[in-house]
Amino acid sequence: MSVKKKIMSTVAVMAAMTATAAHADEMRVALVVKALGIGFFEAAAKGAEEAAAELGNTEIIYTGPTDTTAEGQIEVINALIAQGVNAIAVSANDADALVPALKKAMDRGITVISWDSGVAPDGRMMHLNPSSTELIGNTIIKLAADHMPDGGDVAILSATATATNQNAWIEAAKAVLPNYPGINLVATVYGDDLSDKSYREAEGLMATYPDLKAIIAPTTVGILAACQAVTDAGKIGQVNVTGLGLPSEMAGCVESGATESFAIWNPIDLGYAATYIAHELASGNAKAEPGASISMGRIGSVTLDDTNTGAMSDPFTYDASNIEQFKSIF
Amino acid sequence: MNSTSHFVPDRLQSPLARRLKSWETLLLGVAVAIFIANSFASPYFLNAWNLSDATFNFTEKAMIAFAMALLIISGEIDLSVASIIALASTAMGAAVQLGVGTPGLVAIGLGVGLAAGAFNGFLVTRLGLPSIVVTIGTMSLFRGIAFIVLGDQAYRGYPESFAYFGQGYVWWVLSFELVLFAVLAVIYGIVLHKTNFGRAIYAIGNNPTGAVFSGIRVQRVKFTLFLLTGLMSGIAAICLTSRLGSTRPSIAVGWELEVVTMVVLGGVSILGGSGSIPGVVIAAFVMGLVTFGLGLLNVPGIVMSIFIGAMLIAVIALPRLWTMWRRH
């Protein structure tokens with residue numbers, strides 16, 4: 001056998017091994033993520049499979065590049081266009097760079113939506129945000145209030161004073177404060193998303209306000225630093241640390257009791273909702289236009305705003321009852 | 001089929017022409033095999049538009065690979081090419097914010113590429129530093145500048161006409177990039193195989209000292225090659241930026257290794273002194289076809305990397321193993 005033949009047969013066998021049969025009438029929804037091998041997205045893929053099983057006759061193509069690059073995602077999208085999938089639901093590495101490739105997909109009749117990390121309006125039919133500013137603002141106050149039956153002082157430990165996201169959430173939180181009588185917001189400080197600065201700011205809060213009942217940190221760096229500061233000050237049980245955090249990082253804080261509960265979006269729900277919406281749009285059951293209401297199955301429905309953007313739900317709350325399950329996911 | 005196996009001789013002992021011929025035949029065989037395997041594996045493969053889309057997987061990298069092949073044949077290497085793309089793209093993005101039009105953007109892209117190449121060339125040929133060390137350094141330097149300028153931001157707002165380079169079609173499914181790739185292939189093929197300059201590159205790669213004593217201006221040739229590599233990176237930056245329509249500092253991350261892989265797969269000796277442009281062209285198609293074919297089957301990217309790596313080692317090792325096995 002010649003060298004050439006050997007290589008040819010090797011290539012042919014490998015190609016044949018990876019070949020999959022496609023069913024013609026099946027709805028094929030591609031879930032394109034920032035990069036493969038990230039716990040958050042693996043969890044989203046789980047949710048997508050759940051939605052597919054519920055919808056029936058739906059195949060999920062879970063794919064993405066090896067690195068979080070726009071070029072890698074474009075190669076993946078080109079391959080999906082070539083296969084003529086019915087829908088692409090993408091969490092973008094670059095809001096602008098994907099637009100030409102996704103436009104091409106839409107030109108060829110493919111339903112395109114973005115979720116989690118959005119694409120510029122030209123490149124998608126709609127975008128699904130995990131949550132909205134109002135929902136997050138309300139959630140972070142509620143998390144603190146839930147464990148303060150008698151009311152009391154709370155303080156916010158944010159990222160930088162110029163952080164757009166955090167400032168919007170804090171504004172929304174202040175707006176809902178009247179709904180929580182007895183909750184008294186005494187200060188807002190900034191840890192700049194640096195662990196050491198956030199830690200010192202949390203220490204400062206406890207020194208300045210001895211009756212402080214809760215520190216609310218709407219940032220994953222801040223909440224972890226505040227939890228550490230409360231633990232080191234021996235104030236577990238007196239000061240509850242809450243806000244937005246990652247289950248993998250917060251597991252220790254929940255176990256020690258420094259944090260009663262915290263929130264962040266649930267990736268399983270997000271993958272489920274994105275798949276459900278993509279299926280609804282691709283099958284013609286719904287249309288992506290301002291004001292439209294699109295079903296997300298068990299989660300409810302999403303209403304689109306003027307830029308065809310919608311918010312899925314309240315951030316998901318994590319506490320001692322579910323932290324074990326989620327800490328290994330993201 | 002069996003007769004061709006006699007033309008896969010020991011690389012060090014057989015005449016250059018015959019070795020090149022057999023290498024390209026082997027590669028061409030691989031390319032055809034992959035093409036056929038792809039057609040059977042996926043019903044979507046044999047479609048003019050899909051194949052046209054597939055060429056975008058390799059055209060920009062291949063443009064750099066031509067210049068890189070010349071550089072590697074001369075015994076040097078440039079690992080900063082992907083970072084030059086980032087730097088050139090950032091410069092073009094900054095110019096867009098100042099209202100520079102398409103011709104100006106092209107000039108800036110080419111200019112930054114040339115300047116970066118000249119910087120590498122100066123450090124290697126004037127200061128006598130090893131190119132692998134210099135370009136590992138400039139790899140961090142050039143991309144570092146892009147990161148300082150942009151941080152986590154992006155430049156966008158490129159003019160409509162600028163989109164032609166990466167998204168335009170010359171005729172039917174023939175994209176501008178594919179045509180440019182073909183034209184550059186012919187130019188580099190002629191330069192390397194039909195000119196005195198090309199002969200000088202082989203001479204330098206085989207025996208730098210001998211080349212000096214033969215009257216070849218070794219440092220000048222090498223400097224020119226670094227300039228060319230920078231220029232091609234600038235051209236690739238224009239095409240890629242145009243295709244993406246935006247610039248982020250992480251643009252083209254990791255491309256230097258893909259370009260070097262393409263060159264080595266094309267039969268260019270990593271030690272210098274031998275290789276051909278037709279080989280690199282076929283290698284570009286092989287890599288493009290493999291990644292696109294596996295992409296059609298939704299094979300995860302990491303498996304694709306494993307496949308490319310295995311293919312590289314196999315294609316290089318098999319002829320060597322074959323001759324070793326025949327001797328026993």
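What follows is a short briefing, sorted by topic. Keep in mind that this is a predicted model. We'll start with chain A as a whole, zoom in on a few of its residues, and then move to the helices of chain B.

**Chain A as a whole**

- Chain A is built with 11 helices and 14 strands.
- If you boxed up its C-alpha atoms along the principal axes, you'd need roughly 80 × 50 × 35 Å.
- How many of the 330 residues of chain A count as buried? The share is 54%.
- Take the contacts in chain A with a separation of 6 or more: 70% of them come from residues 24 or more positions apart.
- An unreviewed UniProt entry lists residues 29–285 of chain A as "domain: Periplasmic binding protein".
- That span, residues 29–285, is 46% helix and 20% strand, and its end C-alpha atoms are 15 Å apart.

**A buried leucine in chain A**

- Look for A:L224 in helix 8 of chain A, which covers residues 220–232.
- Is A:L224 buried or exposed? A:L224 counts as buried because it has 23 C-beta neighbours inside 10 Å, and the cut-off for buried is 20 or more.
- Leaving out residues up to four places away in sequence, A:L224 touches A:G245, A:E249 and A:M250.
- A:V302 sits 78 residues from A:L224 in sequence, and their C-alpha atoms are 32 Å apart in space.

- Some background first: most residues other than glycine have a negative phi.
- A:D116 isn't a glycine, yet its phi is positive, at about 65 degrees.
- You'll find A:D116 in the loop between strand 4 (111–115) and strand 5 (126–129) of chain A.
- A:D116 has 23 other C-beta atoms within 10 Å, so it is buried.
- A:D192 isn't a glycine either, and has a positive phi of about 55 degrees.
- The loop that holds A:D192 runs between strand 7 (183–190) and helix 7 (195–208) of chain A.
- Why does A:D192 count as partly exposed? Because it has 18 C-beta neighbours inside 10 Å, and partly exposed means a count between the exposed limit of 12 or fewer and the buried limit of 20 or more.

**Transmembrane annotations in chain B**

- According to an unreviewed UniProt entry, the "transmembrane region" annotation covers several stretches of chain B, including residues 106–125 and 223–245.
- Residues 106–125 of chain B are 100% helix and 0% strand, with 28 Å between the end C-alpha atoms.
- Residues 223–245 of chain B are 96% helix and 0% strand, with 32 Å between the end C-alpha atoms.

**How helices pack in chain B**

- Two packed helices are described by the angle between their axes and the distance between the axes.
- Helix 3 and helix 13 of chain B pack at about 150 degrees, with their axes 10 Å apart.
- This angle makes helix 3 of chain B roughly antiparallel to helix 13 of chain B, since angles over 145 degrees count that way.
- The crossing of helix 3 and helix 13 of chain B is right-handed.
- On the helix 3 side, B:A62, B:A65, B:F66 and B:A69 meet B:I277, B:V280 and B:A284 of helix 13 of chain B. The contact residues are 7 nonpolar, no polar and no charged.
- Helix 8 and helix 13 of chain B also pack at an angle of about 150 degrees, with axes 9 Å apart. They are therefore roughly antiparallel to each other.
- Their contact uses B:A185, B:Y188, B:G189, B:L192 and B:H193 of helix 8 and B:I277, B:P278 and B:V281 of helix 13. That gives 6 nonpolar, 2 polar and no charged residues.
- Helix 5 (residues 102–126) and helix 6 (residues 131–150) of chain B cross at roughly 145 degrees, and their axes come within 9 Å. This crossing is right-handed.
- The contact of helix 5 with helix 6 of chain B has 6 nonpolar, 4 polar and no charged residues.

**Where the chains come together**

- In helix 2 of chain B (residues 48–55), the buried residues are B:N50, B:D53, B:A54 and B:T55.
- Their cover includes helix 3 (70–83) of chain A, along with helix 3, helix 8 and helix 13 among the elements of chain B.

Terms used:
Residues numbered from 1 in each chain as written. Chains lettered and ligands numbered in written order. Predicted model: local features only at pLDDT ≥ 70, side-chain atom pairs only at ≥ 80, totals over all residues. Helix = DSSP H or I, 4+ residues; strand = E, 2+ residues; numbered from the N terminus. Contact = placed C-beta atoms within 7 Å. UniProt positions renumbered as here; feature names shortened; annotations may be inferred. Axes fitted to C-alpha atoms, helices over the stretch in contact; angles between N-to-C directions. Parallel < 35°, antiparallel > 145°, perpendicular 65-115°, else oblique. Left-handed = near helix turned anticlockwise from the far one by under 90°. Nonpolar A, V, L, I, M, F, W, Y, C, P; charged D, E, K, R; others polar.
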